[in-house]
Amino acid sequence: MYVKVSGLYKFGDQQAPYEDLAPIIRHATEAYGPDRLLWGSDCPYQILKGNNYQDAVSLIANGLEVTAVHNHVLRSTPLPFYMHVGGHGDPGKLATALRA
């Protein structure tokens with residue numbers, strides 16, 4: 001199971017820098033582990049009504065003090081997850097090749 005961290009503009013105060021949502025992301029990290037969270041762009045809605053991608057990514061990359069969270073959520077978890085969706089072949093071999 002994966003938890004997609006997206007749509008930050010829809011929850012809490014609904015305004016950047018979305019810091020009021022950091023405790024929720026931390027709780028999800030504790031419950032599922034950082035390797036089960038991934039950021040999603042929520043395209044195109046994230047850029048409507050004065051919101052933007054930079055603010056959403058900034059909360060994860062800079063606003064959370066747990067380095068493992070932003071390394072996994074923005075990089076290592078989405079890579080094999082999304083590659084498998086569009087990839088062909090054995091999922092284990094695809095994941096192993098991506099992590100090598």
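From the N terminus on, the elements of the protein chain run β-α-β-α-α-α-α. The model is a predicted one.

Q: How many helices and strands are in the protein chain?
A: The order of elements is β-α-β-α-α-α-α from the N terminus. The chain therefore holds, by DSSP runs, 5 helices and 2 strands.

Q: Is S6 buried or exposed?
A: S6 sits in the loop between β1 (3–5) and α1 (22–32). Beyond its neighbours within four places in sequence, S6 is in contact with F11, G40 and D42. Buried means under 20% relative accessible area. The value for S6 is 18%, so S6 is buried.

Q: Which elements give two or more residues to the largest nonpolar core?
A: This core has 13 residues, and those with the most contacts inside it are V5, L8, Y18, L21, I25, L37 and L59. The elements that give two or more residues to the core are α1, β2 (37–39) and α2 (53–63).

Q: With which residues is L21 in contact, leaving aside its neighbours within four places in sequence?
A: L21 is among the residues with the most contacts inside the largest nonpolar core. Contact means heavy atoms within 4.5 Å. With sequence neighbours within four places left aside, the partners of L21 are L8, F11, G12 and L59.

Q: How far apart in space are W39 and A56, C-alpha to C-alpha?
A: W39 lies in strand β2. Its relative accessibility is 17%, so W39 counts as buried. W39 and A56 are 17 residues apart in sequence, and their C-alpha to C-alpha distance is 9.1 Å.

How values were computed
Residues numbered from 1 in each chain as written. Predicted model: local features only at pLDDT ≥ 70, side-chain atom pairs only at ≥ 80, totals over all residues. Heavy atoms only, no water. Helix = DSSP H or I, 4+ residues; strand = E, 2+ residues; numbered from the N terminus. Buried < 20%, exposed > 50% of the residue type's maximum accessible area, 1.4 Å probe, protein only. Core = buried A, V, L, I, M, F, W, Y, C linked by side-chain atoms within 4.5 Å.
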